[in-house]
Amino acid sequence: MAETPMIEARGLTKRYGPVVALAGIDLEVPAGSILGVLGPNGAGKTTAVRILTTLALPDEGHAQVAGFDVTAQAAEVRKHIGVTAQDATLDELLTGRQNLVMVGELSGLRRSQAKARAAELLERFDLADAANRVLKTYSGGMRRRLDLAAGLTTRPPVLFLDEPTTGLDPTSRVNVWGLIRDLVSDGLTLLLTTQYLDEADYLADRIVVIDHGRVIAEGSSQELKAATGGATLEVTLTTPQAEAVDALSRFVAGPVHTSHDGRRLRAPVRSASGLATTVVRALDEAGVLVDDVEVHQPSLDDVFFALTGRGADETAHGEVADVAGVALEGAIR
Ligand code: ATP
């Protein structure tokens with residue numbers, strides 16, 4: 001029998017006046033895994049986290065976290081979760097250590113326990129040297145590591161991370177990613193929201209893509225990418241040769257686009273395994289001279305574009321789900 005998920009939401013809706021922040025979303029996170037909730041600004045990510053962490057009430061639907069109902073058993077839910085929010089309420093004028101001790105005490109630890117836990121977390125998150133500096137002197141990366149530590153003071157089995165690396169430089173991001181991965185190998189269950197496709201790709205076991213308060217796709221990163229219809233073949237010819245399109249026809253899964261100068265050919269392909277070599281051989285047999293053959297695997301960017309008709313970093317509310325998007329949604333859900 002399948003284990004009960006650590007986080008489970010069914011049909012969550014939330015309206016703010018005329019704004020529909022959530023239009024009925026379902027989520028499920030098995031114990032010891034990472035769910036990435038991916039979506040552009042305003043998609044409803046923070047609202048979902050606020051409901052799951054008992055900071056907001058849903059208008060409709062229900063959710064359980066660590067086996068407790070988020071509305072009927074909010075106090076129990078709070079005892080079992082850690083939250084690292086974008087606007088974590090740490091005190092700029094306290095040191096890193098004082099902040100962690102304060103959070104520990106507010107969470108019900110005795111002072112001695114809170115101090116011991118703070119020391120352990122500072123060590124673990126590589127902040128021991130900065131422990132006695134006031135928070136306002138911390139870099140963005142140090143600050144995020146302290147946010148993470150603060151979410152873990154009570155050793156919660158479930159952790160919510162709202163955009164854990166927004167605003168960090170690339171090195172600090174990779175550093176925080178490593179720490180997040182380690183948490184799951186300790187058995188923690190994690191829900192993280194992100195606007196970054198590479199972050200979801202790297203960290204999440206499963207991804208739900210939300211847009212305008214709805215789940216528009218879900219699956220592993222590989223499944224989402226596969227559902228875009230596979231990879232793209234790009235061939236650069238030494239000189240334009242009309243025979244090339246014919247020679248490629250048996251490998252491609254759609255029309256072959258030719259560049260203005262006639263040298264670059266581009267087409268979707270279903271399977272990419274061993275393809276480049278086979279294509280070079282076929283072109284060679286057809287007497288076509290080739291400079292380069294590349295098989296480009298779809299990125300999550302391609303997935304997002306196929307689903308919504310816009311890039312993940314574009315906030316404009318365009319038409320959702322063009323023809324490709326609808327087909328893709330059908331394939332995934
Ligand atoms: P971001 O990445 O910008 O944080 P998000 O995906 O987390 O975006 P939400 O913050 O959940 O999105 O917002 C979803 C929608 O609900 C947005 O249109 C937002 O303006 C609206 N909204 C959220 N909170 C409130 C509120 N307290 N009052 C009114 N509208 C709200």
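## Salt bridges

A salt bridge is a side-chain nitrogen of Lys or Arg within 4 Å of a carboxyl oxygen of Asp or Glu. This predicted model holds 19 salt bridges. Side chains of opposite charge can pair when their charged atoms come close.

One of the salt bridges joins the side chains of Arg-155 and Glu-120, with 3.5 Å from N to O. Arg-155 is in the loop between α5 and β7 and Glu-120 is in helix α4 (residues 111-124), so the pair ties together parts 35 residues apart in sequence. Arg-155 is exposed, at 54% relative accessibility, and Glu-120 is partly exposed, at 39%.

Arg-173 and Asp-198 form a salt bridge, their closest N and O atoms being 3.2 Å apart. Arg-173 belongs to helix α6 (residues 170-185) and Asp-198 to helix α7 (residues 197-203). Arg-173 is buried, at 13%, whereas Asp-198 is partly exposed, at 39%.

Arg-264 pairs with Glu-234 in a salt bridge, at 3.6 Å between the closest N and O atoms. Arg-264 lies in strand β13 and Glu-234 in strand β11, so parts 30 residues apart in sequence are tied together.

An open sheet of 6 strands has the order β6-β7-β8-β3-β9-β10, with mixed pairing. Its edge strands are β6 (81-84) and β10 (214-219). Strands β3 and β8 run parallel and are joined by 5 bridges; Leu-38 has Thr-194 in β8 as its bridge partner.

Helix α1 (residues 45-52) packs on the sheet and touches β3, β7, β8 and β9. Helix α5 (residues 140-151) lies across β6 and β7, at about 160° to β6.

Note on methods
Residues are numbered from 1 along each chain as its sequence is written. This is a predicted model: local features need pLDDT of at least 70, side-chain atom pairs count only at pLDDT 80 or more; totals for chains, interfaces and linings use all residues. Side-chain values use heavy atoms; hydrogens and water are left out. Two strands pair if DSSP finds at least two bridges between them. Helices (H or I, at least four residues) and strands (E, at least two) are DSSP runs, numbered from the N terminus. Contact means heavy atoms within 4.5 Å. Axes are lines fitted to C-alpha atoms, for helices over the stretch in contact, and angles run from 0 to 180 degrees between N-to-C directions. Buried means under 20% relative accessible area, exposed over 50%, partly exposed in between (1.4 Å probe, protein chains only).
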